[in-house]
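Q: I am new to this structure and would be grateful for a close look at one part of it. Please describe the charged pairs with care, and then the neighbouring topic of the sheet.

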Amino acid sequence: MTSVTYRDAGVDIEAGDALVDAIKPLAKATTRAGVLGGLGGFGALFDLKAAGFKDPILVSTTDGVGTKLKIAIETGIHDYVGIDLVAMCVNDLVVQGAAPLFFLDYFATGALDVAAAKRIIGGIAEGCKLADCALVGGETAEMPGMYAHGDYDLAGFSVGAAERDALLPANVAAGDAILALPSSGVHSNGFSLVRRIFADAGLSWDSIVLGQRAADVLMTPTRIYVRPMLALHKAGLLKGAAHITGGGLPGNLPRALPEGCGATLKGPWAMPEIFPFLAKTANVAPEEMLRVFNCGVGMTLIVSDAEAASAVLREAGETPFLLGHVTDRPGVEIEGTEKLFA
């Protein structure tokens with residue numbers, strides 16, 4: 001009888017080993033204080049004391065990139081979804097006052113394409129550098145029969161820490177200002193609706209929209225807000241924050257507010273042109289746009305002193321703007337929605 005190998009079953013161990021060798025320098029470039037050892041062990045070690053914490057609380061997150069991956073797969077643009085993956089996790093950590101410490105990824109595919117995988121994980125490493133966290137490990141799963149040719153999926157896992165007395169939100173009250181940090185575009189939420197809009201309009205990812213190839217507009221990576229937000233928190237000016245992801249402003253802002261409080265937001269505000277384009281192309285109602293997309297607001301920050309906070313954020317390279325205020329009425333009221341997507 002002919003001997004059957006794992007490769008005959010669709011799993012290439014040598015390709016997996018080649019990928020590990022290729023990404024080791026990428027991971028090494030993300031190392032930070034507290035990391036013990038490197039890739040290759042059964043688990044990653046981290047020393048909180050060496051990272052400078054005295055009385056730390058650990059904060060953990062996990063997330064994915066959603067169906068934005070379908071566009072990456074169909075266009076071959078694999079360089080940025082890793083940044084998206086990191087952003088979706090670390091932006092959720094920092095709203096709780098935590099500094100990201102380390103990150104692990106899960107990459108699953110039917111047949112391993114080492115070149116594409118290196119580009120994907122290279123994006124993860126770049127995202128980790130932008131977030132000042134270490135890429136300490138992950139899992140590459142080659143699963144023939146589970147994924148169509150060229151398909152893959154990503155999941156990310158991040159752990160951060162905050163001193164016990166620095167956790168957020170804290171002392172949020174009616175009258176506090178709500179600042180917004182701009183998004184770079186659609187980020188990583190709502191892509192099932194994006195894909196439906198493009199399909200119904202007969203547009204391809206190579207179509208020219210807003211003066212650019214559609215794929216290039218849509219694959220702009222999610223912004224990572226860790227450094228400016230930690231600078232604001234270190235200055236003692238940040239009371240709470242909300243990462244605006246699936247659910248939009250109405251679904252995420254209340255997560256940073258105490259019971260009994262709400263928010264009034266004043267529109268219109270400046271936003272990337274892709275949002276009015278999507279709304280007009282498919283006649284999407286403003287309420288639906290705000291419920292699905294970030295609509296130009298990637299992060300909201302709750303502060304008492306909007307002027308001082310804005311100065312710190314501008315020093316950190318941000319362009320904050322006043323979005324609204326915390327109220328003593330539950331719910332999020334958004335004024336001027338009829339003009340948002342005009």
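Is arginine 196 buried or exposed, and what is its relative accessible area?

A: Arginine 196 is exposed, with a relative accessible area of 54%. Here buried means under 20% relative accessible area, exposed means over 50%, and partly exposed lies in between (1.4 Å probe, protein chains only). The model is predicted, so local features need pLDDT of at least 70 and side-chain atom pairs count only at pLDDT 80 or more, while totals for chains, interfaces and linings use all residues. Residues are numbered from 1 along each chain as its sequence is written, and side-chain values use heavy atoms, with hydrogens and water left out.

Arginine 196 forms a salt bridge with aspartate 200, with 2.7 Å between the closest N and O atoms. A salt bridge is a side-chain nitrogen of Lys or Arg within 4 Å of a carboxyl oxygen of Asp or Glu. Both residues belong to helix H5 (residues 191-200) and are 4 residues apart, about one turn of the helix. Helices (H or I, at least four residues) and strands (E, at least two) are DSSP runs numbered from the N terminus. Aspartate 200 is likewise exposed, at 57% relative accessible area.

Arginine 223 forms a salt bridge with glutamate 318, the closest N and O atoms being 2.4 Å apart. Because arginine 223 lies in the loop between helix H6 (214-218) and H7, and glutamate 318 in the loop between helix H11 (306-315) and strand S13 (321-327), the pair ties together parts that are 95 residues apart in sequence. Arginine 223 is partly exposed at 25% relative accessibility, whereas glutamate 318 is buried at 5%.

A further salt bridge joins aspartate 176 and lysine 239, with 2.9 Å between the closest N and O atoms. The two residues are 63 residues apart, aspartate 176 in the loop between strand S6 (152-163) and strand S7 (177-182), lysine 239 in the loop between helix H7 (226-234) and strand S10 (240-243). Both aspartate 176 and lysine 239 are buried. By the rule given above, the count comes to 14 salt bridges.

Turning to the sheet, its 6 strands form an open arrangement in the order S10-S12-S7-S13-S11-S14, with mixed pairing. Two strands pair if DSSP finds at least two bridges between them. The edge strands are S10 and strand S14 (331-335), each of which pairs on one side only. S10 pairs with strand S12 (residues 297-303) in the antiparallel sense over 4 bridges.
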